[in-house]
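Thank you for asking me to look through this model. My remarks follow as numbered points, written for someone who is meeting the structure for the first time.

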Amino acid sequence: MRGDSLLIPDPVRPRGRVVDAKGERSSRRNRCVAFVWVALSSLLLAGTALPPLFGSPSGQSNADLTAPQGTENEGEMMRLQRILEEQGMAVSSPSPGVKLGGYVDSAFEMNFVNAPSFNQVPRFAAPTAAGGSRLARGYPLLPMRLADDGIPGGGFNLNQLKLWSEKELTAENRWDAGFRMDLMLGQDAALGVPDFLSGAGSSSSTGMGFNTSEVFLEQAYVQFQIPIGDRKLEVHVGKFAAPIGLEVLERPANFNMTYGLFFNNVEPFVLVGTQFIFRVDDCWTVRGGVTDGGFNVGRSGYPFFGMVNNSISGLSSFLLTFNLDYVSADKSFVNTYGMLYGPHGTNPPGFGTSPGMENGAYYPGAYANGDIVPGPYNSPGTYMEFNDYGIWTPSFVYRRRLQLAYELIGGFYNNAVAPAGITGLSPATETALGIFPLFPYSSGYGGPTNWMGAGIYQIYRFNPLVSLALREQWLQASGNSYLEGMIAPTNIYSATMTLRFDLADNFMVRMEARMDWGDNMMNYYAPANGIPPADVGLAGNGLVGTSSGPFFFSGLEAAYTF
C-alpha cells in the first residue's frame with residue numbers, strides 16, 4: 001500500500017563562484033550588504049520553492065510540491081536563483097519523479113493459551129544432557145503464527161514502520177530506468193531472519209519478534225524497461241518481494257490483520273536476483289526470474305556465519321520463478337499463477353526429520369527451522385512450489401460491495417533431509433535435545449516431503465466506513481517438512497474474522513478474532529539442563545509436550561499511511 005507521494009528535487013552540481021573583477025578593492029561595507037541580501041534571498045527562496053520534508057499540504061496530497069505557484073512566483077524564483085548563483089551558492093533545480101511514502105501499523109494482541117503471564121504454565125518431564133529426565137515448566141510456542149502474533153498472553157505491538165522511495169518507470173514505450181527501496185522497522189522486521197538487524201534484547205528474545213527496534217531492508221532494486229515493438233520488457237535487479245502468494249508483508253494491504261497459514265509457514269517473503277515482466281496485452285502479463293537459492297537471503301547454504309557459496313552439498317543452488325497474471329477486461333476478476341523451481345534444492349527454508357519410535361520410546365526427530373531460517377539437514381534434490389490465487393468482484397452485487405477470493409498452494413522437495421547431524425554437538429547432546437534419537441535414527445535419514453493447502457476469503461463493504469473480511473485456511477504437510485516447531489505429518493486449520501473501519505482516507509482501524517486448531521500445532525518447550533539454549537536456539541530447549549487446540553486470538557490494529 002502506497003501513501004501520498006512527495007516529489008523531492010534532485011541536487012544539481014553548483015556553478016563556480018563568480019569573482020568580482022575588482023577583487024580585493026571591494027569595500028567591507030559592500031560585502032556586508034551583499035551578505036545580508038543573500039541571506040534574505042535564501043530565506044525567501046526556501047519559503048517559496050522547497051517542499052516540506054514530511055507530509056504534504058492539506059488538499060494537495062498528490063500534487064507536485066516542486067511545481068511553481070503561478071507565473072509571478074515563477075519569475076521571482078528565477079530571479080532569486082540567478083542572484084544566488086552569482087554569489088557562488090549551490091542551487092537545487094526541481095526534478096520531480098522520486099516519490100516517498102510509508103505507514104505506521106500498531107496493535108494490541110491477545111493469545112488465549114497457557115501463558116506465563118496467566119500463571120498457567122504446565123509442568124512436563126524434561127530431558128537432561130545426561131539422558132535422564134526432570135520435572136520442569138513447559139513454555140508454549142504457537143509456530144503457525146508470526147512470532148509477534150503468537151506471543152502467549154497479551155500486550156501492545158509496534159508491528160511495522162514502513163518507509164519507501166521509488167522512481168517509477170514512464171508509461172511511454174521507450175527506454176527508461178528507476179529504482180525502488182522499502183525499509184521496514186518494528187517487530188515484523190523479524191520476518192527478515194536471518195537477513196535483518198536485530199534490536200536490543202536478551203538472547204532468548206532477540207530475533208523472535210519481541211523487539212521494536214529491528215530493521216529489515218525489504219526491497220532494494222534497480223528497474224528499467226526495454227521497448228520491444230509496441231510493447232516493453234520491464235526488468236528488476238536486486239532484492240524484491242517474492243512473486244508468489246496472495247498475502248504480502250505490508251499488513252494494511254492484506255484482507256486481514258494477522259498473516260495466514262500459508263504466508264507465515266510455506267512462502268518466501270523476499271528473494272535476491274532478477275525478474276523480467278512482459279505485458280502481453282491489457283489482460284495478460286508474464287513474469288519470470290532467476291534468484292539465489294534461499295528464501296529471504298542472498299546466497300543459500302548453511303551455516304550463514306561461515307563460508308556460504310550458494311550451494312547445497314557442493315551443488316549450485318538457485319531458484320527459477322514463473323508467474324502468469326490475468327486481469328479481466330472489466331477488472332472484476334484477477335488471477336495469478338506462481339511457481340518456484342530449485343533443481344538442486346533450497347536453504348533456507350530449513351527442513352527437519354519426522355518423529356519416530358525406538359524400543360517403545362518416542363523421539364520428536366530433527367527440528368525444522370521453517371521458511372525463514374536455514375537448516376543443517378537440507379539435502380540436494382528437486383524443490384518445487386506452486387501457488388494460484390484469484391479475486392472476484394461480482395458486478396451484479398450492489399455497488400460491487402462483495403469480493404470473493406481463493407488461494408491454492410502445494411509443493412514438494414525430493415530427498416529433502418540428509419542423514420547428518422549438527423556439527424559440534426555430541427550424539428548424547430543431540431539425543432537429549434531430540435535432534436536425532438539413538439540407533440537406528442542416530443544419523444538421521446534421508447527422505448522427501450510435500451505440502452498442500454487451500455484458503456477462501458469473503459469481503460463485504462457495508463459502506464465507505466465499515467467492511468468485514470473472513471478467511472478460512474487448511475494446510476497439510478507430510479513427514480520431513482519445514483513447518484517450524486510442528487511434529488509432521490500434520491493437518492492444521494484456521495478461521496479469521498476481521499472488522500475494518502476506514503475513518504479517514506489514510507487512517508484505518510481493524511478488530512480481529514481468530515481460531516486455529518490441528519495436529520500437534522502448539523508445542524511446549526523446557527530448557528535442558530547443562531545445555532545453553534543460545535547454542536542451538538529454541539529447538540535446544542527440549543520439546544516436552546504438544547497440544548492440538550483450539551487456540552484463540554483477538555486483536556485491535558491501527559494504521560496510518562503517509
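1. Which side chain does a polar contact of 3.3 Å join to that of Glu166? The partner is Gln223, whose side chain and that of Glu166 form this polar contact, and a further polar contact, of 3.0 Å, joins the side chains of Glu166 and Arg180. Glu166 itself lies in strand 5, which covers residues 153-167, and Glu166 counts as buried because its relative accessible area is 5%, under the 20% cut-off.

2. Please keep in mind that this is a predicted model. The protein chain has five helices and 25 strands, and of its 562 residues 47% count as buried. Among contacts between residues at least 6 apart in sequence, 71% join residues at least 24 apart. The chain exposes about 25900 Å², of which carbon and sulfur atoms supply 61%.

3. The largest nonpolar core has 37 residues, and those with the most contacts inside it are Met144, Val266, Phe351, Tyr383, Trp451 and Leu475. At least two residues of this core come from each of helix 3 (261-265), strand 18 (402-417), strand 20 (466-477) and strand 23 (522-525), and strand 18 gives the most, with four residues. A second, separate core consists of 12 residues, among them Tyr103, Met184, Leu191 and Tyr259.

4. Val266 deserves a paragraph of its own. When its neighbours within four places in sequence are left aside, Val266 is in contact with Leu261, Phe295, Asp371, Glu385, Ile409, Trp451, Leu475, Tyr482 and Leu483. Of these partners, Trp451 and Leu475 are also listed, like Val266, among the residues with the most contacts inside the largest nonpolar core.

5. Gln187 and Asn211 are 24 residues apart in sequence, while their C-alpha atoms are 5.6 Å apart in space.

6. Phe562 is found in the segment after strand 25 (551-561), and Phe562 is classed as partly exposed because its relative accessible area is 31%, a value between the 20% and 50% cut-offs.

Definitions and conventions: Residues are numbered from 1 along each chain as its sequence is written. This is a predicted model: local features need pLDDT of at least 70, side-chain atom pairs count only at pLDDT 80 or more; totals for chains, interfaces and linings use all residues. Side-chain values use heavy atoms; hydrogens and water are left out. A nonpolar core is a set of buried Ala, Val, Leu, Ile, Met, Phe, Trp, Tyr and Cys residues joined through side-chain atoms within 4.5 Å. Buried means under 20% relative accessible area, exposed over 50%, partly exposed in between (1.4 Å probe, protein chains only). Contact means heavy atoms within 4.5 Å. Accessible areas come from the Shrake-Rupley method with a 1.4 Å probe; for residues, only the protein chains shown count as cover. A polar contact is a pair of N or O atoms within 3.5 Å; within protein, one must be able to donate a hydrogen and the other to accept it, and residues adjacent in sequence count only if both atoms are side-chain atoms.
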